[in-house]
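Please look at the sequence and the model below before reading on.

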Amino acid sequence: MPSKLNFGTIGLKLATILGFLFIHIPIFIIIMYAFSTDEKTFQFPLPGFTLKWFGVAWERNDIWEAIILSTQVATISTVMAIVLGTLACLAVYRSKFFGREVISFLVILPIALPGIVTGISLRSAMSLFGIPFSTWTIVIAHATFCIVTVYNNVLARLRRSSHSMVEASMDLGANPWQTFRFVILPNIATALLAGGMLSFALSFDEVIVTTFTAGQQSTVPIWMLTEFIRPRQRPVTNVVAVFVILVTTLPILVAYYLTKEDEGGKK
């Protein structure tokens, strides 16, 4: 038995290591090519290393326009997701009414559907109502799936919280707003922050839904896709990819540690 158990443990560790390598080696390759002296192909090994492309990327206005647009969209979408996701979660969690589970399902449906289905649906609806494509159409599209991350985080936190604290607050004479501000909000604060950071990361690198709702505008992912279709100075695209990796990874790491510490505190 011990030998079988050790063999199984070693096999599991090996499979885990191979899985991590399969996922992360392409990311390291992209980062590596951002420093390549070759501007047309992906040679390996690299012919040389340079920081030239970081300077080139810094001076290109089209890159900055895409970054600014993506940041604006992600920020507004995140704020909308925090407000609407929290309100929806509180309504579903605190109230019992006919169709509650259906509403909960409809809230999380946009993130479960393939992005192309969501994109086509939103584009058709916007065209039907004559809504011109702009930054706000991208924001609306991104908010539909960003709400889900906030909703799920807050709902999970509320289910782990004791409802007796709310009842005690009401018994002591607090009105609903005071109860929310001093009792509920402190309990869900880290869940809100984690959900918001995940929403920002999801919005910043979303490409499929954005393609259908952006019109002529170009966010960072769309800019990168265009550059790959019409390659010009390939390492510049890799430099922007490094930036996207940082922007999307850091919020996810912070959200992970926030929720991890909170769960440890609950225990």
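Are α3 and α6 parallel or oblique to each other? The model shown here is a predicted one, and in this model helix α3 (residues 61-94) packs with α6 at an angle of about 40 degrees, their axes being 6 Å apart. Angles under 35 degrees would count as roughly parallel, and α3 and α6 are therefore oblique to each other. Their crossing is right-handed, and the residues that form the contact of α3 with α6 divide into 23 nonpolar, 5 polar and 1 charged.

Helix α6 also packs with two other helices, α4 and α5.

| Pair | Angle between axes | Distance between axes |
|---|---|---|
| α3 and α6 | about 40 degrees | 6 Å |
| α4 and α6 | roughly 120 degrees | within 7 Å |
| α5 and α6 | roughly 135 degrees | within 11 Å |

For helix α4 (residues 100-112) and helix α6 (residues 135-160), the axes cross at roughly 120 degrees, and that makes α4 oblique to α6. The crossing in which α4 passes α6 is left-handed. On the α4 side, Ser104, Val107, Ile108, Pro110 and Ile111 take part, and they meet Thr144, Phe145, Ile147, Val148, Thr149, Tyr151 and Asn152 in α6. Sorted by class, this contact of α4 with α6 has 8 nonpolar and 4 polar residues, with no charged residues.

Helix α5 (residues 115-128) crosses α6 at roughly 135 degrees, and α5 and α6 are therefore oblique to each other as well. Here the crossing is right-handed. Thr118, Leu122 and Met126 in α5 meet Thr137, Ile140, Ala141 and Thr144 in α6, and by class the contact of α5 with α6 holds 4 nonpolar and 3 polar residues, with no charged residues.

How many Å does helix α8 span between its end C-alpha atoms? Helix α8 (residues 176-204) spans only 35 Å, whereas a straight helix of 29 residues would span 42 Å at 1.5 Å a residue. There is also a bend of about 55 degrees in α8 at Leu185, and a proline, Pro186, follows within four residues.

Terms used: Residues numbered from 1 in each chain as written. Predicted model: local features only at pLDDT ≥ 70, side-chain atom pairs only at ≥ 80, totals over all residues. Heavy atoms only, no water. Axes fitted to C-alpha atoms, helices over the stretch in contact; angles between N-to-C directions. Parallel < 35°, antiparallel > 145°, perpendicular 65-115°, else oblique. Left-handed = near helix turned anticlockwise from the far one by under 90°. Contact = heavy atoms within 4.5 Å. Nonpolar A, V, L, I, M, F, W, Y, C, P; charged D, E, K, R; others polar. Expected span 1.5 Å × (residues − 1). Bend = angle between axes of the 7 residues up to and from the residue.
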